[in-house]
Amino acid sequence: MALIAATAMSSSPTLAAGVVDEPYVKSLAAAGKTVLVIEYYDGNRKVVGRQGFASATGFKAASPTDIRVDDKVRLHLYGVEPCAGEMVNRKENFAGRCDDFAQTQLEILLRNPKVLFCRAFVSEEHAPTQDATCFGYYNFPGTLDTVENLEEQLVSLGALRLAKKPDGLPMRPDLAEAEKIGRSGFGMWADPRVQGQ
């Protein structure tokens with residue numbers, strides 16, 4: 001959670017709709033459980049569907065960019081990816097696969113949220129792996145009470161980078177500022193080999 005506090009940033013425009021309604025996300029919290037809500041949007045940015053889940057043990061990372069919701073559904077953090085191959089970050093005492101570093105950072109973000117609030121387009125609603133953007137509500141009384149975009153956090157920490165479209169443009173231009181922060185030497189960007197990828 002220190003990572004979130006250290007890099008707290010305002011939420012950017014996201015995949016399916018604009019800035020998140022923080023009071024609404026906070027209102028979804030339930031005592032003793034982690035709540036996960038997926039809202040589905042149409043082309044007019046209207047909510048046309050919603051699914052809710054609750055877990056006493058929380059939700060886990062299934063990959064560097066995937067959250068396992070249950071046996072039938074995974075959420076894929078859209079437009080971001082780990083670096084390729086291996087990386088070294090001496091400050092963080094890490095040497096190993098980019099995938100392992102990224103998945104560990106996602107697991108940290110999934111450890112303590114009260115709520116995971118995700119948005120996807122309605123075309124994703126019945127897919128086993130759904131492209132989404134997700135927010136976490138973190139509350140530690142007296143120290144932290146915030147709603148943060150997971151992709152933004154992971155990119156600013158250098159755990160993930162922006163994936164590119166076939167034309168070379170980023171799939172998530174709304175996260176360009178977060179990647180600029182990461183590129184200042186965090187996570188993968190501490191390794192000169194990654195800079196050349």
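Where does A62 lie? I found A62 in the loop between β3 (60-61) and β4 (66-68). Helices here are DSSP runs of H or I with at least four residues, strands are runs of E with at least two, and both are numbered from the N terminus.

**Ground rules.** I am working on a predicted model: local features need pLDDT of at least 70, side-chain atom pairs count only at pLDDT 80 or more, and totals for chains, interfaces and linings use all residues. Residues are numbered from 1 along each chain as its sequence is written, and side-chain values use heavy atoms, with hydrogens and water left out.

**Around A62.** I listed its contacts (heavy atoms within 4.5 Å). Leaving aside neighbours within four places in sequence, A62 touches I67, R68, R74 and Q103. I also checked A62 against L106, 44 residues along the chain. Their C-alpha atoms are separated by 9.6 Å.

**Whole chain.** I counted six helices and 12 strands in the protein chain. The radius of gyration is 16 Å, close to the 16 Å from the globule rule for 197 residues, so the chain is as compact as a globular protein of that length. That radius is taken over C-alpha atoms, and the rule is 2.2 Å times the number of residues to the power 0.38. The C-alpha trace spans about 45 × 45 × 30 Å along its principal axes. Of the 197 residues, 51% count as buried. Buried means under 20% relative accessible area, exposed over 50%, and partly exposed in between, with a 1.4 Å probe and protein chains only. I then looked at contacts with a separation of 6 or more: residues 24 or more positions apart account for 61% of them.

**Cores.** A nonpolar core is a set of buried Ala, Val, Leu, Ile, Met, Phe, Trp, Tyr and Cys residues joined through side-chain atoms within 4.5 Å. The largest one has 39 residues, and L36, I67, L75, M87, C134 and L150 touch the most other members. Two or more residues each come from β1 (34-41), β5 (74-77), α3 (98-111), β9 (115-121), β10 (129-140) and α4 (150-156). The largest share, six residues, comes from α3. Apart from this core lies another, of 10 residues, including V25, V35, Y137 and V147.

I followed C134 further. Not counting residues up to four places away in sequence, C134 touches I67, L75, L77, F117, C118, E148, N149, L150 and E151.

**Helix α3.** It has 14 residues and reaches 20 Å from first C-alpha to last, close to the 20 Å expected at 1.5 Å a residue. The expected span is 1.5 Å times one less than the number of residues. Its buried residues are C98, F101, A102, Q105, L106, I108, L109 and L110.

**Rings.** How many aromatic pairs does the structure hold? I found three. Rings of Phe, Tyr and Trp (its six-membered ring) pair if their centres lie within 6.5 Å; planes under 30 degrees apart are stacked, over 60 edge-to-face, the rest tilted. Y24 and F117 have ring centres 5.8 Å apart and planes at 85°, so the pair is edge-to-face. Y24 sits in helix α2 (residues 22-27) and F117 in strand β9, 93 residues apart. Y24 is partly exposed, at 26% relative accessible area. F117 is buried, at 1%. F94 and F101 have ring centres 5.1 Å apart and planes at 55°, so that pair is tilted. Both F94 and F101 are buried. Ring pairs also link Y24, F117 and F135 into a cluster.
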